[in-house]
Amino acid sequence: HHTGDYNNSSLIVRRGQPFELKLTLSRELNNNDKVTLQLRIGEKPMQSNGTLLSMNARSGQTDQSWNAKICQTNGKECRIVVTSPADAIIGKYLLNVITGPSVYTPDKKCVYVLFNPWCEVDSVFMPGDAERAEYVLNDTGYLYVGSTKMIRGRPWNFGQFEEDVLDCCMYLLDKSQLKPKAKKDPVIISRAMSALVNSEDDRGVVFASWSGKYTGGTPPLAWTGSVPILQQYYRTKKSVLYGQCWVFSGVLTTVMRSLGIPARSVTNFASAHDTEENLKVDIYLNENGGKMENLTTDSIWNFHVWNDVWMKRPDLPKGFDGWQAIDATPQEKSQGIYQCGPTPVNAIRKGEVYLPYDSKFVFAEVNADRVFWLVKNVDGKETYTKLREETKVIGKSISTKAVGKDTREDITGQYKFPEESPEERKAVETACSYLQSNNLGICEVTPPPEPLKANLKLGMEGEKELWPGQPIELNLIITNESAGAWTVNVAASCQLESYTGKVEASLATIKQTVQTKDKAGLSLLSVGAVNSIPLKIAADAYLKAMMSVEDELLVKVNIIAEVQETNEKLTEELSLTFKYPPLKVERGSRKKRKSVSSILLTAQSKDLSTKVAGRTGVIWIKDTNLTDLKN
C-alpha cells in the first residue's frame, strides 16, 4: 500500500486495494459462528450514507461495496481479506469485530483510508513508478523563487510521513465539514484544502502576512519545511504565524501527498494579480516615474508559488484530466471564501476559462498584459496617458522540481502556447470571449502600435545582481535609432519593492532633459547614438529600509521619456535583484564527527559590508554515515 513510511502505529491503507487483518479468537471457529467486521467514520455513522459498514467475514456478503472474507484459518487464528472500493470515503475509520453477542474493539482501532494513485480505477491514478515516487512519496524537494533572470531553488522538507502530519490532515478533513460523499472526491477535497491551509475564513493552518514585521511568529523566510507548521497547528488548533506564497504551497503539497493525491509545487515568474478580470495589469506612474500604489490595485509578483494536483475530472468535458492548479495563498475570494481551484492546466492552456474552478484568475496569472499609465495633474485634475502595453512579460519560466532529480523543470509549455503562435492567439481570444461582457472591449487583442517618429530605446547598464552593502551604480541609456535629433525629457524613479510589487522605500529620482544638439548645432543623438545618465545610490540609502523588514527585497527602476518635438512618450521598467553569499558545507574527519557541531559552515563570497540583513541558510546533508542527524 506504500504506507510504511508513515510515523503512525495505526493501520494505513489505500482504497481500491485488498488488505489483511489477523484475528485471534478464544477458540476455534465453528461452522455456525458469525464474524462481522464493522467500520464507522464520522460523528453519526449511518449505513445509508456509507459511514457505517458491516461486513460478514464468513459469507463474504455485504450490502456495501466493501467486502471482507476469511481467507485462512489456523487453530484460533484466522486471516481476513478486506477490500475497499476505489471510491471509498477518505478518512479515519474505527474498527470493531462482532462475534455473536460480543463486540471487540482492538487497541489499535483506527484504520486510515487514503487515495490510491497505484489503483487504475481510482480517480487519482497516476501512471509511472517514477512519477508516483516523486509526486506522492518524495518527502523533500525544492520551491523555486527569485526572478525570471535569477531563479533559485529553496530546499523544502514536505515531511508528509512525519509524526502528527497525517492526523493533522484528518483533522482538516473533519474541519472542512464536507458531506461523506464529498470526501470521496479529490476535486472537492483539494478545493477545501486550498481554503483550510490559509487562516482567512476558517482559522486554517497558516496566517498570511506581507507586512515585513513578524513579531510573535516566524518570518516566512525562516521556514524550511511543512512539518513544524502542521505539527504546531495540530497540537494548538491555532493558525501558525506567518506565511507567504511558497509556505502555503509547501504546506499544501504536504497535505495532498499525505492524503495520497499526487501534487507538486509550481512557481510562475512575473505572475499577474488581475483584480478586474480584464486580462490587464494596470501600473500607474507619477511624473517622476514612481509607482502610485493608491491607484495600482493590480500587481505583478516577481514570482508566485501555487500547486498542481493530479486527478480525473468526471465533472468536466473530456480532455481535462491530469494536472489541476490549486492555490492556498489568500489572494481573491472564490464563492465567498479564500480558495482557488482546482482548474485544469489544459483549460488554462486553451483559454477555456468557463470551466470550474477559478480558471479566469489563473489564466490571467500567466497571460495578462502589462499596461503603464502616466498620471499628471493638469489644472487640478488628474489626467491619464497610456504609455505602453506589453503582451509578453507575464507568465515566464513556470517551474517545478524535475521527476527523480534535484533540478528545475520548465513547464511553461504545459500552461501556455509559445508567445505569438497561432495557438496562443486563439487561446487568448477564447478566454476573452468568456470574460464578463462589460470587459470584452478592454479584453480585445491590442493591435500593434504605430511606429514612433522618434525611435528611441530605453535601457540600463550596470550590475544586474547587487550584493547587499554595496552602492548601486547604474547608467540609464537612451539609444536613438531614428534619423532625427530630438529633445527628450527623462524622468526615472528607483524604488525598493517586495516580491509582490509592494513599494517599501523610494531611493532616488532623476529628472533631466537630454538636448539632442550642442551649441555648435551638432546632433548628440544621431542614428545609433547613445546617451547615458548616471544613477548612483549609496548603500546607506537602502540598507536601513532592507533591515527594517524581514522580507527579501529587490530594486525597481521605472524610466519615462517624453519627446518634445513629437509629444511621444516611452517607458521602461527594469529590475535588479540582490545576491547573497552561498554556503559551503564541509565535513570533519570521522574521528571528530561526533555531533552536528562538527560540521563547518563557511560563507564563500566577495568581501561584504557588515551592514547586511540577517539571513537564514538551508542546508541539505546527504551522507549515509551521518547517523546522528535525524533531520
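**Reading burial, charge pairs and annotated positions**

A: Asp164 has a relative accessible area of 16% and is therefore buried, since buried means under 20%. Please keep in mind that this is a predicted model.

Q: With which residue does the side chain of Asp164 meet in a salt bridge?

A: As a general idea, side chains of opposite charge can pair when their charged atoms come close. Here the partner of Asp164 is Arg235, with 2.9 Å from N to O. The pair connects distant parts of the chain, 71 residues apart: Asp164 lies in the loop between strand E11 (150-157) and helix H2 (165-176), and Arg235 in helix H4 (residues 227-236).

Q: Is Arg235 buried or exposed?

A: Exposed means over 50% relative accessible area. Arg235, at 51%, is therefore exposed.

Q: How should I read the salt bridge between Lys183 and Asp174?

A: Begin with the distance, which is 3.7 Å from N to O.

Q: How many salt bridges does the count come to?

A: The count comes to 28 salt bridges. One of them joins Glu572 to Arg388, whose closest N and O atoms are 3.1 Å apart. This pair links distant parts of the chain, with Glu572 in strand E30 (residues 569-578) and Arg388 in strand E20 (residues 381-390), 184 residues apart. Glu572 is buried, with a relative accessible area of 17%, and Arg388 counts as partly exposed at 28%. Through shared partners, salt bridges join Lys291, Arg370, Arg388, Glu390, Glu497, Lys556, Glu572 and Glu573 into one network.

Q: Where does UniProt place the feature "binding site"?

A: An annotation comes from a record and may be inferred rather than shown by experiment. The unreviewed UniProt entry places this feature at Asn367, Asp369, Glu419 and Glu424. These positions are spread over 58 residues of sequence, yet they cluster in space, the largest C-alpha distance being 13.4 Å.

Terms used: Residues are numbered from 1 along each chain as its sequence is written. This is a predicted model: local features need pLDDT of at least 70, side-chain atom pairs count only at pLDDT 80 or more; totals for chains, interfaces and linings use all residues. Side-chain values use heavy atoms; hydrogens and water are left out. A salt bridge is a side-chain nitrogen of Lys or Arg within 4 Å of a carboxyl oxygen of Asp or Glu. Helices (H or I, at least four residues) and strands (E, at least two) are DSSP runs, numbered from the N terminus. Buried means under 20% relative accessible area, exposed over 50%, partly exposed in between (1.4 Å probe, protein chains only).
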